[in-house]
Amino acid sequence: MKKRILITRRLPEAAEARARRDYEVVQNADDHQMSSEEILAEAPNVDAILVTITDKMRKDVIDKLPDNIKAISTFSVGFDHIDLEAAKARGISVGFAPHGVTIATAEIAMLLILGSARRAGEGEAMIRNRQWPGWAPLQLVGQRLDGKKLGIYGFGKIAQALAQRARGFDMEIHYFDIVRQPPEKEQGAIFHDSLDSLLAVSQFFSINAPLTPETRGFFNKDVIEKLPQGAVVVNSARGDLINDEDTIAALKSGRLSYAGLDVFVGEPKINEGYYDLPNTFLLPHLGSAAIEARNQMGFEALDNLDATFAGKEMPFKLA
Ligand code: DGY
C-alpha cells in the first residue's frame, strides 16, 4: 500500500507527478500558505510531510505532530524554518534539498551584483513609468565590475558557483568562511581569516552564509563601517542576516552605494524603508526560481522520503 504524504505547496509538474506515482498525496490544491493549524489538522492522515520555507516548523508545531509522522523533508537548501532539535527529540527524520538550488541561486547573486552595479532596476522603472527622456551622457551611470574586489561571506557551494561566474566578469574574488576551502574549490579566491579582513577589501560584498543564531542580523552598522566607502552589498541567502534599519540608513547616507536584495526580513512584508530607496535592486526571493532547480529540489526532497520508507538513511539528512 502506498504511503501517504502531505505536500504543503504546489510543486513543479515533474516533482508532483513523481510524488503521485509513488505516494498517496494530500495536496494543497490552491497553493495558499498553510497555517500551522492546517498542517497539524492534516498530519494524522499522512506518514510524512514535504514542506517548504514558508512552513514554520517550530518546536511548538513539531511537538504537536502525531506519532504517525515519520519524516519531514523540505523543498529547500535552507532549514532555518525547522527546529531540528525538536524533530530529533520526537524521532522524526528531517531532510533537505541541498544541490538543486546551487547554480540558480548563484545566477541570482550575480544578477544582484550586475543589477546594482549597472542600476538595472532604476532603468527598467524609468521605461515602465514612461519617464525616459532619451539617452544622456550622465543618465543612470553605474560602474563596471572588472577589476573590482568581490568579498564573499560564506564559501559553500552557492558562493563557489557565484565566484566562478564573477571570475567571468574579471572580478577579484575574496572570501571568509570558518573553514578554508582546498585550492580546487578556491580556484584562486583569496581567503581571509576574519570577517573584518574581508570587509576591508570588499567593494562588492555578497552575503552567502546560512542563517544561524550567530549570523542573524550580523550585517549591521558596525559591519557596514568596516566596508570601503560606497560599497555595494548583495544578499541572496536569508533576509534575517541583515539589520534593515542600519542598512537603509547607510544607503540613505551613501555609506553604501547600492544594495541588491533577493531576501528580506519578514518577507513578503518587507521593511517600508526599501520601497522608495532608489539605490536598491530588489527581487522577490527568486534565488532558486529556475525550472531546473525547482525540479531537482522536488526530487531531492522526495529522495529523502523514499529512503525513509525503504528503511534507509535519508540521502540529504539533517536530523
Ligand atoms: C532555499 O532553498 O532555502 C531557498 O531560499 C528557496 O529555494
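**Close-up views of a predicted model**

**View 1. Thr 8, a buried loop residue.** At a relative accessibility of 0%, Thr 8 counts as buried. The model shown here and in the other views is predicted. Thr 8 sits in the loop that links strand E1 (4–7) to helix H1 (13–22). With neighbours within four places in sequence set aside, the contacts of Thr 8 are Asn 28, His 32, Met 34, Ile 39, Ile 49, Leu 50, Val 51, Thr 52 and Asp 55.

**View 2. Helix H7 and what covers it.** Helix H7 is made up of residues 157–167, and its buried residues are Ile 158, Ala 159, Gln 160, Ala 161, Leu 162, Ala 163 and Ala 166. The cover over these buried residues includes two helices, H5 (102–117) and H8 (183–186). Strands E6 (149–153), E7 (172–176) and E9 (204–207) are also included in that cover.

**View 3. Ala 117 in helix H5.** Ala 117 belongs to helix H5, one of the elements that cover the buried residues of H7. The relative accessible area of Ala 117 is 2%, so this residue is classed as buried. Apart from neighbours within four places in sequence, Ala 117 is in contact with Gly 142, Gln 143, Leu 145 and Phe 204. From Ala 117 to Gly 260 the sequence separation is 143 residues, while the C-alpha to C-alpha distance is 9.1 Å.

**View 4. Gly 254, a partly exposed loop residue.** The loop between helix H11 (244–253) and strand E11 (256–261) contains Gly 254. Its relative accessible area is 25%, and Gly 254 is therefore partly exposed. Not counting residues up to four places away in sequence, Gly 254 touches Gln 229 and Gly 230. Gly 254 and Tyr 153 are 101 residues apart along the chain, and their C-alpha atoms are separated by 22 Å.

**View 5. The whole chain, for orientation.** The chain has 12 helices and 12 strands. Its radius of gyration is 21 Å, close to the 20 Å that the globule rule gives for 319 residues, so the chain is as compact as a globular protein of that length. The C-alpha trace spans about 70 × 50 × 30 Å along its principal axes. Of the 319 residues, 49% count as buried. The chain exposes about 15300 Å², of which carbon and sulfur atoms supply 54%. Among contacts between residues at least 6 apart in sequence, 60% join residues at least 24 apart.

Key:
Residues are numbered from 1 along each chain as its sequence is written. This is a predicted model: local features need pLDDT of at least 70, side-chain atom pairs count only at pLDDT 80 or more; totals for chains, interfaces and linings use all residues. Side-chain values use heavy atoms; hydrogens and water are left out. Helices (H or I, at least four residues) and strands (E, at least two) are DSSP runs, numbered from the N terminus. The radius of gyration is taken over C-alpha atoms; the globule rule is 2.2 Å times the number of residues to the power 0.38. Buried means under 20% relative accessible area, exposed over 50%, partly exposed in between (1.4 Å probe, protein chains only). Contact means heavy atoms within 4.5 Å. Accessible areas come from the Shrake-Rupley method with a 1.4 Å probe; for residues, only the protein chains shown count as cover.
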